[in-house]
Amino acid sequence: MEPVGVGQQSVIGGLSTQTCAIAGGKGGVGKSLVSVSLAYWLGRLKKDVVLMDGDLGGANLHTMLGMRIPKRNLDDFILKRVDSLEDILLPTSMSNVRLLAGGSEIPALANPNFAQKSRILRGMKRISADMLLVDLGAGASLNTLDLFLACPRKIVVMTPQPTSIQNAYGFIKSAFFRNVSRSLRQTPLKGLFDVSARADDPIPQSVEEVLQEVSVGAPEALEDVRASIEDLRIELIVNMARDAKEFRVGEMIREVCMKFLGLQVHALGTVPYDRTLENWAKTMDKGSLGKDSGSEALRAVYEIAYDIIGSEDRQRRAA
Ligand SMILES: Nc1ncnc2c1ncn2[C@@H]1O[C@H](COP(=O)(O)OP(=O)(O)OP(=O)(O)O)[C@@H](O)[C@H]1O
Ligand SMILES: [Mg+2]
């Protein structure tokens, strides 16, 4: 099967502004727990939410929601047993939240071919909901990056641990370069960031260096590249923060991205480490999320959900 690579991105784009990717360079940082908690609050705030398991190679969001074997999942859509992703959405115990469960029948789906990826993106475009939340797998594979970049709203989840900070920064950098190479695929600079293609020539490391190289090698693409960089809006959620210093990590990463990449990222919020949420994840008692109104983490996610709704409303009014 042919993995989707540079030059095949025509299927990307066009997803509605209410589609939000939740990614992160590292496993276990809380992407799924943050996705579920966001879905919970958005649902409680009367939004019609679809929570999609976008971890194509290791789907397990349904387990977190207390479903052992989901009745329908992405396999049914990929194998054309149903025509629409709407047909496989499952109700959850959270009000106004439906689940699009990941599949497990197709081993190669971790690395979908072009047709499969196009079908998934086309299907996503047709989902009718106020908000589609896509919980992505860990890592920065091209497929994960492409799914991330296809979503108008892009959230990176990280923890304050140094390895997670490093991975989150690496993920943001990879997304940035992947985004630029998409604008260059019809130009002589196609493959600009392929290490193998450059031999001793160093790869540009920042917005400024990229623009400099494009202005020399493909001036006709300069405006497109500039626009693609301006459009790339990445938001950060720091999860499992334990003290005041860790609450400042989001702001620190924002500054680092600006200083070294020249890229504007936005610190969306910080979620504290919270034993209640940890216990909920352990028991996976599907009905109990939100029962403990003392959960600090859930309160923090509420603020984030509220901000997301506010900014979506502002965007809609401006459009
Ligand atoms: N705010 C939090 N407070 C306490 N524990 C948390 C919090 N967020 C996540 N955890 C713990 O981290 C574990 C991993 O969370 P989760 O499964 O959401 O990570 P993930 O990033 O989706 O992992 P994967 O990369 O494997 O998909 C949870 O089971 C829970 O124990
Ligand atoms: Mg997960």
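Modeller: A residue is buried under 20% relative accessible area, exposed over 50% and partly exposed in between (1.4 Å probe, protein chains only). Buried residues make up 53% of the 319 residues in this chain. The model is predicted, with local features needing pLDDT of at least 70 and side-chain atom pairs 80 or more, while totals for chains, interfaces and linings use all residues. Residues are numbered from 1 along each chain as written, chains are lettered from A and ligands numbered from 1 in the order written, and side-chain values use heavy atoms, without hydrogens and water.

Biologist: What does the secondary structure of the chain come to?

Modeller: There are 13 helices and eight strands, taken as DSSP runs numbered from the N terminus (helices H or I, at least four residues; strands E, at least two).

Biologist: Why is Trp-41 called buried?

Modeller: The relative accessible area of Trp-41 is 15%, which is under the limit, so Trp-41 counts as buried. Tyr-40 is buried as well.

Biologist: What makes Tyr-40 and Trp-41 an aromatic pair, and of which kind?

Modeller: Rings of Phe, Tyr and Trp (its six-membered ring) pair if their centres lie within 6.5 Å; planes under 30 degrees apart are stacked, over 60 edge-to-face, and the rest tilted. Five such pairs occur in the structure. For Tyr-40 and Trp-41 the centres are 5.0 Å apart and the planes stand at 65°, so the pair is edge-to-face.

Biologist: Which residues have an arginine over the ring face, and at what distance?

Modeller: Arg-119 lies over Phe-77, at 4.1 Å from the ring centre, and Arg-242 lies over Tyr-273, at 3.8 Å. The term requires NZ of Lys or CZ of Arg within 6 Å of the ring centre and within 35 degrees of the ring normal.

Biologist: How do you know that Thr-92 is buried, and where is Thr-92?

Modeller: The relative accessible area is 17%, so Thr-92 falls under the limit. Thr-92 sits in the loop between strand 3 (90–91) and strand 4 (97–100).

Biologist: What makes polar contacts of the Thr-92 side chain?

Modeller: A polar side-chain atom of Thr-92 lies 3.1 Å from the backbone nitrogen of Met-94, and one lies 2.8 Å from the backbone oxygen of Val-97. A polar contact is a pair of N or O atoms within 3.5 Å; within protein, one must be able to donate a hydrogen and the other to accept it, and residues adjacent in sequence count only if both atoms are side-chain atoms. Leaving out residues up to four places away in sequence, Thr-92 touches Leu-65, Met-67, Val-97, Arg-98 and Leu-99, with contact meaning heavy atoms within 4.5 Å.

Biologist: Which residues make polar contacts with ligand 1?

Modeller: Among them are Val-29, with a polar backbone atom 3.1 Å from a ligand oxygen, and Ser-32, with a side-chain N or O atom 2.9 Å from a ligand oxygen. A polar backbone atom of Asp-274 is 2.8 Å from a ligand nitrogen. Taken alone, ligand 1 exposes 630 Å², of which the protein buries 79%.

Notes. Areas by Shrake-Rupley, 256 points an atom, 1.4 Å probe, with all protein chains shown as cover.
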